[in-house]
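Here is my note on the model you sent. Please read it with the sequence and the structure side by side.

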Amino acid sequence: MTYLWIKSFHLLFVMAWMATVFYLPRILVNVAEAGNEPAVKARLVLMGRRLYRFGHNMFGLAFLLGLMLWQGWRVFPGVLPNFGDAHWLHAKLVLVALLLAYFIWTGRLLKRSESGGALPASKTLRIMNELPVFVLLGVIFLVIAKPF
């Protein structure tokens, strides 16, 4: 039962983090399209900063629980499973690292816009906004199918 509770909370925090991964670029699109409206831009940047901070917290909790799921058998043998040579898990971790790099990149774009720097064109940001969906699909497939 402990394993299922840890897994449930891990999934909850992953979903919360992914919400920020999907929504932060959307805020950046709106910042890029705000033009010469400083009040709107300031509000969007504030929302982005708060969302980014929330995303960091959610990723941290998801990471700790994921680490416990992956390596917890060393601390709690018999309670948590040993995944052994789960190569699907290694592939999943690579995709999660890509999502984390993307999340950090969007945070840097937010910081750049806050300090008055230029953002990529809104069309570019819209396209970039769609990429994590495909990476997440890969993560989901690996977790469910465990193909190797």
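Which residues does Ser 113 touch, not counting residues up to four places away in sequence? The reply is in point 5.

1. Ground rules. This is a predicted model, in which local features need pLDDT of at least 70 and side-chain atom pairs count only at pLDDT 80 or more, while totals for chains, interfaces and linings use all residues. Residues are numbered from 1 along each chain as its sequence is written, and side-chain values use heavy atoms, with hydrogens and water left out.

2. Overall fold. The secondary structure comes to four helices and zero strands. Along the sequence the pattern reads α-α-α-α. Helices are DSSP runs of H or I with at least four residues, strands are runs of E with at least two, and both are numbered from the N terminus. The C-alpha trace spans about 60 × 25 × 20 Å along its principal axes. Of the 148 residues, 33% count as buried. Buried means under 20% relative accessible area, exposed over 50%, and partly exposed in between, with a 1.4 Å probe and protein chains only. Contact means heavy atoms within 4.5 Å. Among contacts with a separation of 6 or more, 79% join residues 24 or more positions apart.

3. Helix 2. This helix has 34 residues; at 1.5 Å a residue they should span 50 Å, and the end C-alpha atoms are 48 Å apart, which agrees. The expected span is 1.5 Å times one less than the number of residues. Buried residues of helix 2 include Leu 44, Leu 51, Met 58 and Leu 65. Their cover includes helix 1 (2-33) and helix 3.

4. Helix 2 against helix 3. Helix 2 (residues 38-71) packs on helix 3 (residues 87-114) at about 160°, with the axes 11 Å apart. That makes helix 2 roughly antiparallel to helix 3. Axes are lines fitted to C-alpha atoms, for helices over the stretch in contact, and angles run from 0 to 180 degrees between N-to-C directions. Angles under 35 degrees count as roughly parallel, over 145 as roughly antiparallel, 65 to 115 as roughly perpendicular, and the rest as oblique. The crossing of helix 2 and helix 3 is left-handed. Left-handed means that the near helix is turned anticlockwise from the far one by less than a right angle; clockwise would be right-handed. From helix 2 the contact includes Val 45, Gly 48, Tyr 52 and Trp 70, and from helix 3 it includes Leu 93, Phe 103, Gly 107 and Ser 113. By class, this contact has 11 nonpolar, five polar and two charged residues. Ala, Val, Leu, Ile, Met, Phe, Trp, Tyr, Cys and Pro count as nonpolar, Asp, Glu, Lys and Arg as charged, and the others, Gly among them, as polar.

5. Ser 113. This residue sits in helix 3. Ser 113 counts as buried because its relative accessibility is 10%. To settle the opening question: Ser 113 touches Val 31, Val 45 and Leu 119.

6. Trp 17. This residue lies in helix 1. Trp 17 is buried, with a relative accessible area of 4%. Leaving aside neighbours within four places in sequence, its contacts include Gly 55, Phe 59, Val 96 and Phe 103. Trp 17 and His 56 are 39 residues apart along the chain, and their C-alpha atoms are separated by 7.6 Å.

7. Helix 3 against helix 4. The two axes come within 9 Å and cross at roughly 160°. Helix 3 and helix 4 are therefore roughly antiparallel to each other. Helix 3 passes helix 4 in a left-handed crossing. Leu 95, Leu 99 and Trp 105 of helix 3 are among the residues in contact, as are Met 128, Pro 132 and Val 139 of helix 4. The classes here are 15 nonpolar, two polar and one charged.

8. Helix 4 and its end. Helix 4 has 24 residues and reaches 36 Å from first C-alpha to last, close to the 34 Å expected. Asn 129 and Pro 132 are among its buried residues; their cover includes helix 1 and helix 3. Just after helix 4, Lys 146 takes a positive phi of about 45°. Most residues other than glycine have a negative phi. Please check that spot. Lys 146 counts as partly exposed, at 39% relative accessibility.

9. Arg 74. This residue lies in the loop between helix 2 and helix 3. Arg 74 counts as exposed, at 55% relative accessibility.
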